[in-house]
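Subject: The structure I promised you

Hi there,

Here is the structure I said I would send over. Please open it and keep it beside this email while you read.

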Amino acid sequence: MEVDVIKWNNKEVVDLLQRDKISSHIIDVCRSQDIDGKCLLSFIDRDFYEYPFDQLKLGERKRFILLVKKLQKKNRASMFELGLCEDPVFYNPATNINFLGTNLSHLSYNLHNQLQNELSYSRNTDCISNFTPDAKASKLKPEVWKTCIALGYVFLVTWVTAVVMVIVHDKVPDMKKYPPLPDLFLDNVPHIPWAFDMCEITGSLLMAIWVIVLFFHKHRFIILRRFFALAGTVFLLRCFTMLITSLSVPGSHLKCGPRFYPPADDLTVWGRRLRQAYEIWSGAGMSVRGVRTCGDYMFSGHTVALTLLNFFITEYTSRSLYLLHILTWVMNMFGIFFILAAHEHYSIDVFVAFYITSRLFLYYHTLSNNQALMQNDSSRTRIWFPLLSFFESEVDGIVPNEYEGPMTILSNLRQWLLQLVTDVKTSSMAKIAGSKLQEGAAMGEYSVVKLVDGIKRNLSLIEEYKNSRQRLVTLDKNIQATMLEELPEAELRLRAAPGLRAERPRPPGDAPPPPEPAPPPTQKKTI
């Protein structure tokens with residue numbers, strides 16, 4: 001009966017629930033919600049806890065979950081046909097891990113606030129956890145400026161690594177005094193002269209595949225800054241391990257020894273060291289480009305590069321490309337074998353490099369795919385994973401593996417260039433308008449200053465006019481007072497009463513009085 005589960009209708013689902021003595025409430029819900037066989041196969045963890053199953057008792061819910069999980073496990077082929085599961089041939093349900101790659105979508109759990117104590121079993125359940133819709137990111141901003149910061153970070157770290165490689169080369173132990181250390185692999189595998197070049201060729205092929213994946217991936221800027229952040233962090237850690245302990249040269253075929261510097265001051269010596277560091281940095285530390293260094297053994301930088309490229313290719317390509325995943329894993333392992341066969345590193349160098357790189361990759365992607373883990377302990381995450389908190393602040397889930405064709409890429413590039421030209425024109429026009437506005441403001445300010453100065457001058461003229469008028473009035477009063485003081489008292493008396501003298505009667509027969517003598521002329525006082 002389970003073979004035709006896709007064709008089940010609602011009545012057959014109800015019959016199954018009744019035969020297994022599932023709660024009548026669940027049966028009523030399935031009947032009212034018209035749940036058929038396809039719906040049962042597509043059930044995900046959160047469906048058992050949300051409406052209309054949110055009011056179930058614990059025992060009812062558990063029995064219903066066990067029934068649905070058992071049904072899904074028996075009908076894995078039908079689920080694959082519906083697109084709810086990966087190919088059962090290449091999927092290991094016992095471990096819930098895709099052994100052909102490192103795709104971490106199975107590590108993203110739906111950390112619902114009601115499921116924190118009840119979903120401990122979900123880590124070993126079937127593959128439909130990949131179908132959880134909330135696991136995909138809802139906001140995926142390119143944030144090119146963050147990618148540029150990550151690029152600058154990896155450039156800085158690689159330059160520091162080159163400087164450290166020069167320093168440790170100058171302090172490499174004497175090969176006569178310190179022979180190669182015992183090594184299980186190196187002691188039993190003969191030296192192959194061309195093996196190290198093959199390792200670098202393998203790494204170049206992996207890099208070419210990774211560039212192609214980046215070119216066609218829709219979210220290329222997000223995964224590119226993840227690649228830069230992880231690469232920079234691992235190589236920065238390598239700088240410390242190289243400086244802390246200097247291991248003896250692993251192979252007698254290597255001609256290693258401290259560089260000889262002619263007598264000179266410290267500034268000249270460091271100038272030569274920086275020139276050698278630039279040669280290492282520009283050559284990417286590859287022997288095929290003429291870079292030969294000693295002392296940088298703990299841990300292997302070539303293994304770091306091979307492992308990072310392998311993990312990123314398998315993570316950001318579809319699981320259906322299992323042949324590509326097999327190829328990248330084989331290239332990764334063969335690259336490590338070539339490093340050891342060339343006797344360029346100890347076995348512990350390669351092992352530590354692979355372990356640290358893979359663990360950092362898994363930790364980074366587990367936290368970035370589960371924002372709930374970051375939010376529950378955000379302060380600790382910011383302290384221990386500062387780059388993760390900064391670069392993944394706008395990514396709230398798994399980055400889907402979506403790709404763009406060449407025409408779409410060219411169209412997006414054309415739109416981006418047009419937008420860039422528009423922004424440049426807008427910014428230039430804004431600058432011109434701002435300069436004109438500043439000129440107008442300056443002219444207005446100049447006019448206001450001139451107006452204020454004119455008003456001040458007019459006010460000062462008015463004040464000066466008032467003062468002059470006051471002085472003239474005072475001067476006039478002084479002149480009048482001075483003239484009155486200099487007149488004779490008789491004339492003042494006559495001027496005071498001229499009518500009295502005209503009205504006095506004259507007796508008849510009296511002769512008119514002689515005219516008064518004219519007063520002597522008075523001299524006016526010059527003021």
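Below is what I found in it, taken region by region.

First, some ground rules: this is a predicted model, so local features need pLDDT of at least 70 and side-chain atom pairs count only at pLDDT 80 or more, while totals for chains, interfaces and linings use all residues. Residues are numbered from 1 along each chain as its sequence is written, and side-chain values use heavy atoms, with hydrogens and water left out.

Helices here are DSSP runs of H or I with at least four residues, strands are runs of E with at least two, and both are numbered from the N terminus. Let's begin with helix H2, residues 24-32. Which of its residues are buried? They are Ile-26, Ile-27, Val-29 and Cys-30. (Buried means under 20% relative accessible area, exposed means over 50%, and partly exposed is in between, using a 1.4 Å probe and protein chains only.) These four sit on the same side of H2 because they cover an arc of only 160° around the axis; the arc is that of the directions from the helix axis to the C-beta atoms.

On the face turned away from that buried side, you will find the exposed residues Ser-24 and Ser-32. The cover over the buried residues of H2 includes helix H1 (10-19) and helix H4 (58-74).

Now look at the ends. The N-terminal end of H2 is capped by Ser-23, which has a side-chain oxygen 3.2 Å from the backbone nitrogen of His-25. (A polar contact is a pair of N or O atoms within 3.5 Å; within protein, one must be able to donate a hydrogen and the other to accept it, and residues adjacent in sequence count only if both atoms are side-chain atoms.) Just after H2 comes Asp-34, with a positive phi of about 55°. Asp-34 belongs to the loop between H2 and H3, and it counts as exposed because its relative accessibility is 53%.

**Pairs of helices**

Two packed helices are described by the angle between their axes and the distance between the axes. The axes are lines fitted to C-alpha atoms, for helices over the stretch in contact, and the angles run from 0 to 180 degrees between N-to-C directions.

Take helix H6 (residues 144-170) and helix H8 (residues 220-244): their axes come within 8 Å and cross at roughly 20°. That angle makes H6 roughly parallel to H8. (Angles under 35 degrees count as roughly parallel, over 145 as roughly antiparallel, 65 to 115 as roughly perpendicular, and the rest as oblique.) H6 passes H8 in a left-handed crossing; a crossing is left-handed if the near helix is turned anticlockwise from the far one by less than a right angle, and right-handed if clockwise.

Next, helix H7 (residues 195-216) packs with helix H10 (residues 301-315) at an angle of about 30°, and their axes are 10 Å apart. H7 is therefore roughly parallel to H10, and it passes H10 in a left-handed crossing. Among the residues that meet are Leu-206 and Trp-210 in H7, and Leu-309 and Phe-312 in H10. (Contact means heavy atoms within 4.5 Å.)

H10 also packs with helix H12 (residues 347-369), at an angle of about 35° and with the axes 9 Å apart. Here H10 passes H12 in a right-handed crossing. The residues making this contact include Phe-311 and Phe-312 of H10 and Phe-354 and Phe-361 of H12.

**Two side chains to click on**

Arg-225 is in helix H8. Is Arg-225 buried or exposed? It counts as buried, because its relative accessibility is 0%. A polar atom of the Arg-225 side chain lies 3.3 Å from the backbone oxygen of Phe-391. Not counting residues up to four places away in sequence, Arg-225 touches several residues, including Lys-146, Ala-150 and Val-395.

Trp-270 is in helix H9 and counts as partly exposed, at 38% relative accessibility. Leaving aside neighbours within four places in sequence, Trp-270 is in contact with Val-163 and Ile-167.

Most residues other than glycine have a negative phi, and most peptide bonds are trans. With that in mind, look at Ala-284, whose phi is near 55°, a positive value. Ala-284 lies in the loop between H9 and H10 and is exposed, with a relative accessible area of 53%.

Where are the cis peptide bonds? One joins Tyr-51 and Pro-52, with omega about 10°, and Pro-52 lies in the loop between helix H3 (37-41) and H4. Another joins Met-298 and Phe-299, with omega about 5°; Phe-299 lies in the loop between helix H9 (266-282) and H10.

Happy exploring!
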